[in-house]
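Biologist: I would like a close look at one part of this protein. Please start with a sheet, then take me around the rest.

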Amino acid sequence: MLKKYQFVVLVYGLLIGVLIYSCALNPVTGRHELMLLSESDEINLGRKTDDQIIKEYGLYEDSRLSSYINEIGQRLARVSHRPHLSYHFKILDASVINAFAVPGGYVYLSRGILAALNSEAELAGVIGHEIGHIAARHSARQYSKAQLAQLGFGVGSIFTESIPILSSLAQLGVGMLFLKFSRDNEREADDLGVEYSTKAGYDATQMATFFEVLERMNPSSDRSGLPGWFSTHPSPEDRIKVVRRRAIEWQNRFALREMRINRDGYLKMIDGLVFGDDPQQGYIMENEFYHPILRFHFPVPPGWKVNNRPSQIQIVNESQDAIILFYFIKENFSINASRDFISKTGASVVRLERITIDGLPSHRLISDHRTQQGVLRVISYFIEKDRRVYVFHGLSSIGRFQNYLRVFDYTMGGFKELKDPRKINVHPNRISIRPARSSDTLGNILRSFGTPEDKLKEMALLNGGEINQFIIENTLIKVIEKGY
């Protein structure tokens, strides 16, 4: 049997072997670099990740806008360093301002970033930037680093067998470490975005203009849990100046004089775009969560934060030591759903009882779950409605569970069918594109369209301008058309 130190030497020998034999040519730089993913692995990883992203955040259903985005994306992909990949461009139904890419040719834009953009050239710059991440294999490189780091921590865990919490936290830290790109990655993606959009005929200085507006907006995450641009795209030093300089360099290289911006064409494409949260997908009013499409509502504990995702709703308390999860499954009977949960999780049942919630057949379960960090106690409600079972889980440590039991029961036991037409017939805010009636400042034009005083700065930014900026007659302007 190998001794511990011999085993460590063996593992590190294998690690060195991996480093030697897992180098690949970077398609952009032409240099060899560490890469544990082949191109086919990268494509398969992208396909699997795509399924998860769509399930988690949902697609924005607008075939005309989706076709437009895809047409521009494919045009840029053809002039990239990896034109042979099959590229996919998708709009996520999220109000946060972000765009991101995953390995293998998948690019996502939130409807929030589409609302913030003000020209086709700005859109091309953002898409080109994300294609740049794919072309330079930034995500694949991160994945390779994470795999090696986990292998390294696996070696370290040989010496911490008696401290399993330390080992698991170390591996969790590895996952967190590689969630976003480095500033060097961002610089390279910026350069590639400028190159690709210029080669496709766009004015790449508009990319810098958008980044400038974005920094003034400083978008964060939204209720879907999707992070904002700066959470996934850390800003390199002098980003805006560098992008403008690189854009001019590329324009001079090709002796370009007329470059595509297409502000009006882009704005007409996003006319009617949903702006902000869509209440049809769920909304909160006076500490009550309503879902008009699925026709249910339940109370939300005051002060608890709600992340509403297509796959589940997460409700977390301020001290983050308790959470409520809510989702539904395709199952007719609550008893089957509860037994399936017990079987799959290996839960120790404390109590399982049949109950009725708002006249709906249901089951209430309290169970214990052993983890490396200790025992979690979970209260679960399984509620039959419309050939589905709606599931609540309230989780906390066994020591704190009793403190939250009343809150858990209050939320879960308050589940009811939604029948009030006033709560059902709600509509989202939408972007409306209108021509300026006369030449004036942007602020005065927005006022003429009914924009409240406290929203003028926000709406000026959404239009890529400032309140005192002079606008000529018939210039297209974004305004927000209120839902009801």
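Biologist: Which strands form the open sheet that includes E18, in what order, and is the pairing parallel or antiparallel?

Modeller: A word first: this is a predicted model. The open sheet has three strands, in the order E6-E18-E21. The pairing is antiparallel. In general, strands of a sheet pair through backbone hydrogen bonds, in either a parallel or an antiparallel sense.

Look at the edges next. Strand E6 covers 274-275, and strand E21 covers 476-481. Both are edge strands, and each pairs on one side only. Strand E18 runs over residues 429-435. E6 and E18 are joined by two bridges, in the antiparallel sense.

The protein chain holds 17 helices and 21 strands. It has 484 residues, and 48% of them are buried. Consider the contacts with a separation of 6 or more: residues 24 or more positions apart account for 66% of them.

E11 spans residues 313-316, and Gln314 sits in it. The relative accessibility of Gln314 is 14%. Buried means under 20%, so Gln314 counts as buried. Set aside its neighbours within four places in sequence. Gln314 then touches Lys305, Val306, Asn307, Arg309, Ile324 and Leu325. Tyr327 is 13 residues from Gln314 in sequence, and their C-alpha atoms are 9.1 Å apart.

The phi of Gln320 is near 60°, a positive value in a residue other than glycine.

Arg387 can be described in the same terms. This residue is found in the loop between strand E15 (374-385) and strand E16 (388-397). Arg387 is not a glycine, yet its phi is positive, at about 60°. Its relative accessible area is 76%, so Arg387 is exposed.

Pro227 is a loop residue between helices. Helix H9 (205-217) comes on one side of the loop and helix H10 (229-232) on the other. With 26% relative accessibility, Pro227 counts as partly exposed. Asn98 lies 129 residues away along the chain, but the C-alpha atoms of Pro227 and Asn98 are separated by 7.4 Å.

Finish with a helix pair. Two packed helices are described by the angle between their axes and by the distance between the axes. Helix H3 covers residues 63-77, and helix H5 covers residues 120-135. They pack at an angle of about 55°, with their axes 10 Å apart. H3 and H5 are therefore oblique to each other. Their crossing is right-handed.

Who meets whom? From H3 come Tyr68, Ile69, Ile72, Gly73, Arg75, Leu76 and Ala77. From H5 come Glu120, Leu123, Ala124, Ile127, Gly128 and Ile131. By class, this contact of H3 with H5 has nine nonpolar, two polar and two charged residues.

Note on methods
Residues are numbered from 1 along each chain as its sequence is written. This is a predicted model: local features need pLDDT of at least 70, side-chain atom pairs count only at pLDDT 80 or more; totals for chains, interfaces and linings use all residues. Side-chain values use heavy atoms; hydrogens and water are left out. Axes are lines fitted to C-alpha atoms, for helices over the stretch in contact, and angles run from 0 to 180 degrees between N-to-C directions. Helices (H or I, at least four residues) and strands (E, at least two) are DSSP runs, numbered from the N terminus. Angles under 35 degrees count as roughly parallel, over 145 as roughly antiparallel, 65 to 115 as roughly perpendicular and the rest as oblique. A crossing is left-handed if the near helix is turned anticlockwise from the far one by less than a right angle, and right-handed if clockwise. Contact means heavy atoms within 4.5 Å. Ala, Val, Leu, Ile, Met, Phe, Trp, Tyr, Cys and Pro count as nonpolar, Asp, Glu, Lys and Arg as charged, and the others, Gly among them, as polar. Two strands pair if DSSP finds at least two bridges between them. Buried means under 20% relative accessible area, exposed over 50%, partly exposed in between (1.4 Å probe, protein chains only).
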